[in-house]
Amino acid sequence: MGELARYILVDHFHPAIDSALLLAAGLFVSVPVVKYRLGFVQWLPLALMRLVIRMMGRSNDLLRTSLVIWLFNSSAMFLYMAAGFHPLLPKVLGLWTGLNIGVVLAHSHRETRDGGGSLHPPGADPDAWRPPRPVAAVCGVAVLVLELPCFFYAIALGMRMGADVAWGGVAYADAFPRRALAYGAIIVPVLLISAIAESVAIRGAVPDESDA
């Protein structure tokens, strides 16, 4: 386990920095996309976000919400990593993810300002446990601390694999297994912890049905 952790965190540190910059660039690109209402660019991230919220269900159940977030994030990031047939494709996905996040955040903010909408999780059952605000806030910070590095390193794994395949003379079938093992052993469990923290943060942030 320690060797796999070093393989990801140390050997892929520099491409992870590059993936963080790509995410930031995508967020920057999202500003004109939202400002000029480029619907053909915004449609997919908004549709995916609404699908995830529908999968969470109407009761805001902590277990279901955690599982949906975990399965969605771990599957998406695995595909980002597995896209390393060439280093360019993971880079494009990193930029595109930043764009998607920016679009979803902008529309979510707009819906909050206008009184809610389809990008907000449903309210919790009035009898359900609700975390204290400090706990929800800590969980929200934990999501950023855990989930963002997972994304950065998933993209980094794909970028480095793409470079090995495109220019290092390594076959994709030979480059993929070790990265898939490291992803499953290190990144997937961290994403599970992040998903649980995110479900608690969501429960603490949305109003319950008695507030309606």
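Buried means under 20% relative accessible area, exposed over 50%, and partly exposed in between, with a 1.4 Å probe and protein chains only. The structure is a predicted model, in which local features need pLDDT of at least 70 and side-chain atom pairs count only at pLDDT 80 or more, while totals for chains, interfaces and linings use all residues. Residues are numbered from 1 along each chain as its sequence is written, and side-chain values use heavy atoms, leaving out hydrogens and water.

**Cysteines**

| Residue | Relative accessible area |
|---|---|
| Cys139 | 14%, buried |
| Cys150 | 5%, buried |

The model holds zero disulfides, a disulfide being a pair of cysteine sulfur atoms within 2.5 Å. Cys139 is in no disulfide, and its nearest cysteine sulfur, that of Cys150, is 16 Å away. Seen from Cys150, the closest cysteine sulfur is in Cys139, and the 16 Å separation is too far for a bond.

**Nonpolar cores**

A nonpolar core is a set of buried Ala, Val, Leu, Ile, Met, Phe, Trp, Tyr and Cys residues joined through side-chain atoms within 4.5 Å. The largest has 29 residues, of which Ile8, Met77, Tyr80, Phe151, Tyr183 and Ile187 touch the most other members. At least two residues of this core come from each of helix 1 (2-9), helix 2 (13-35), helix 4 (62-82), helix 6 (133-167) and helix 7 (172-205); helices are DSSP runs (H or I, at least four residues) numbered from the N terminus. Helix 6 gives the most, 10 residues. Another core, of seven residues, lies apart from this one and includes Val34, Leu46, Val103 and Leu119.

Beyond its neighbours within four places in sequence, Met77 is in contact (heavy atoms within 4.5 Å) with Glu147, Cys150, Phe151, Ala154, Tyr183 and Leu191.
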